[in-house]
Amino acid sequence: MGRIQTIGIIGFGALGSMYGAYLTEKLGKDRVFILADHDRIARYRKEKVYVNDKEYDLNFTETENCTCKPDLLIFAVKFGGFAAAVEEVRPLVKEDTVMISLLNGISSERILIEEFGPEHVLYCTAQGMDALKTGNHMYYRNMGTLWTGTADGTETDDVKAVDDVFSEAALPHEVHNDMLKRLWGKLLLNTGVNQAVTVYETDFGGVQKKGAPRDVMIAAMKEVIRVACAEGVSMSDDAYIYWVDLVDRLNPKGKPSMRQDMEAGRMTEVDLFSGTIRALGEKDGVATPVNDLLYLQIKRMESLLQMKKPEGKE
C-alpha cells in the first residue's frame, strides 16, 4: 500500500457521521465516500447532515453503483448490520485495500480477516469520544482517538499509510504496538460504562459520581480483567483505573451508544459486551456474576421494547 488517496466509510451513525464530516472537511469531498445502499443514500440526501449544528455536504455514494474502490475502508456500523456491510462492500475491495473497524468488542477484526484475509485488516479501537446522534443531527465535544496497528505490533506499510493519511487530516490517532491488549481495554470500558449507564437509565454523569451505577461499572470492568488474563491477555488488577479516569473526563450529559440504542427502541450490542464476557468466563472457569446480571437485565429491557413496538414494526 502506497499513499492512501480515498476513504470509504460504511455506517452513518454517530461515529460514521462524525468521522465522515471531519475527514471530508480536512481532505475534500472527492476523497471521502459515505457508502450505503440506494434507499439509505436517498434518505441521507433528503434529510441533510448536521454535525455540531453545521450542515455538511458529503459525498454519498451508492455501493451498488460505486465506480471508485477506496484505498481505506472504515466500518462504522453496529454489530447487527456488520455482516450485511461486509457483503455490501465486497465488490469494492481491491488487492491493496486496507480495512479498519470502529465496531465495539473483539469480534469484527476476526470476521474481516476470515472474509478478506489478514493482509487487508488492521486492528483499530475508537476511544474517548462522546458523540451523540439524534435524527440527522450529531453532536460531540470530545472526538477521542483512533488507535491502529497490527496484532503483534509489526510496523507494516499499511500501518504507515493509515498513520500518514490520518496525520494529513490532523485526526487524533495513535499507532499502538499491542492492539490486542488495546482491544481488550476498550472492551473493558464498554462492558462497564455502556451497560451501567443503560441499566440505570442515566448518562455519563451518572457514573462519574459515587453511587450504585459507578460501583456496578467498576465491578463489571474487574470481571473483564479476570477473563482477559484467563484468555492470555496480560492486564493488571488495577487496569480499570485508566478507563474510569477516561470516563470521568467525558461530557456528563453524553450517553454511550448502548444507551442511545435503548432510548431509540433499537436492539443493543449487549452480546458483544457481557455476552462475550459470560461466554469466555464459562469457558475459562471465571465467575462473572455482575455481567450475568447486567446481561439478563438488558435482555429484559430489550424484550419490553419489542413488546411496546406497534405490530409490523421492526
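I began with what covers the buried residues of helix H4, and the list includes strand E6 (72–75), helix H3 (82–89), strand E7 (98–101), strand E8 (123–127) and helix H6 (179–199). Here contact means heavy atoms within 4.5 Å, and buried means under 20% relative accessible area, against over 50% for exposed and in between for partly exposed (1.4 Å probe, protein chains only). Helices (H or I, at least four residues) and strands (E, at least two) are DSSP runs, numbered from the N terminus.

I note that this is a predicted model, in which local features need pLDDT of at least 70 and side-chain atom pairs count only at pLDDT 80 or more, while totals for chains, interfaces and linings use all residues. Residues are numbered from 1 along each chain as its sequence is written, and side-chain values use heavy atoms, with hydrogens and water left out.

**Helix H4**

I looked up which residues of H4 (residues 108–116) are buried, and found Ser 108, Glu 109, Leu 112 and Phe 116. They lie on the same side of H4, because they cover an arc of only 100° around the axis, the arc being that of the directions from the helix axis to the C-beta atoms. An α-helix has 3.6 residues a turn, so residues three or four places apart point the same way. Just after H4, I found Gly 117 with a positive phi of about 100°.

**Strand E11 and its partners**

Next I turned to strand E11 (residues 145–149), where four of the five residues are buried, so that I can call the strand mostly covered. I count two strands as paired if DSSP finds at least two bridges between them. E8 and E11 run antiparallel and are joined by five bridges, with Tyr 123 opposite Gly 149 of E11. E11 also runs parallel to strand E12 (residues 173–175), to which three bridges join it, and here Trp 147 has Glu 174 of E12 as its bridge partner. With helix H5 (residues 157–168), E11 and E12 make a right-handed β-α-β unit; right-handed means that, with the strands pointing away from the viewer, the path from the first strand over the helix to the second runs clockwise.

In strand E2 (residues 32–36), I found five of the five residues buried. Val 32, Ile 34 and Ala 36 point one way from E2, Phe 33 and Leu 35 point the other way, and all are buried. In a regular strand the side chains alternate between the two faces of the sheet. Four bridges join strand E1 (residues 7–10) to E2 in a parallel arrangement, and Ile 7 has Val 32 as its bridge partner in E2. From E1 the chain crosses through helix H1 (residues 14–27) to E2, and this β-α-β crossover is right-handed. E2 is also joined by three bridges to strand E5 (residues 60–62), again running parallel, with Thr 61 in E5 as the bridge partner of Leu 35.

**A sheet of four strands**

I then followed an open sheet of four strands, in the order E4-E3-E10-E9, with mixed pairing. Strand E4 (54–56) and strand E9 (132–134) stand at the edges with a single partner strand each, so one side of each is left without a neighbour in the sheet. Within this sheet, strand E3 (residues 49–51) and strand E10 (residues 137–139) run parallel and are joined by two bridges, and Val 51 has Met 138 in E10 as its bridge partner.

**Salt bridges**

I took a salt bridge to be a side-chain nitrogen of Lys or Arg within 4 Å of a carboxyl oxygen of Asp or Glu, and the count comes to 21 salt bridges. Side chains of opposite charge can pair when their charged atoms come close.

- Lys 29 and Asp 57 meet in a salt bridge (3.0 Å, N to O), which links the loop between H1 and E2, where Lys 29 lies, to the loop between E4 and E5, where Asp 57 lies, 28 residues apart. Lys 29 is partly exposed at 36% relative accessible area, whereas Asp 57 counts as exposed at 56%.
- Glu 115 and Arg 90 meet in a salt bridge (2.6 Å, N to O). Glu 115 lies in helix H4 and Arg 90 in the loop between H3 and E7, so the pair ties together parts that are 25 residues apart in sequence.
- Glu 231 and Lys 283 meet in a salt bridge (2.7 Å, N to O), with Glu 231 in the loop between helix H8 (212–230) and helix H9 (240–248), and Lys 283 in helix H11 (residues 274–284), 52 residues apart.
- Arg 3, Arg 31 and Glu 168 are linked in a network of salt bridges.
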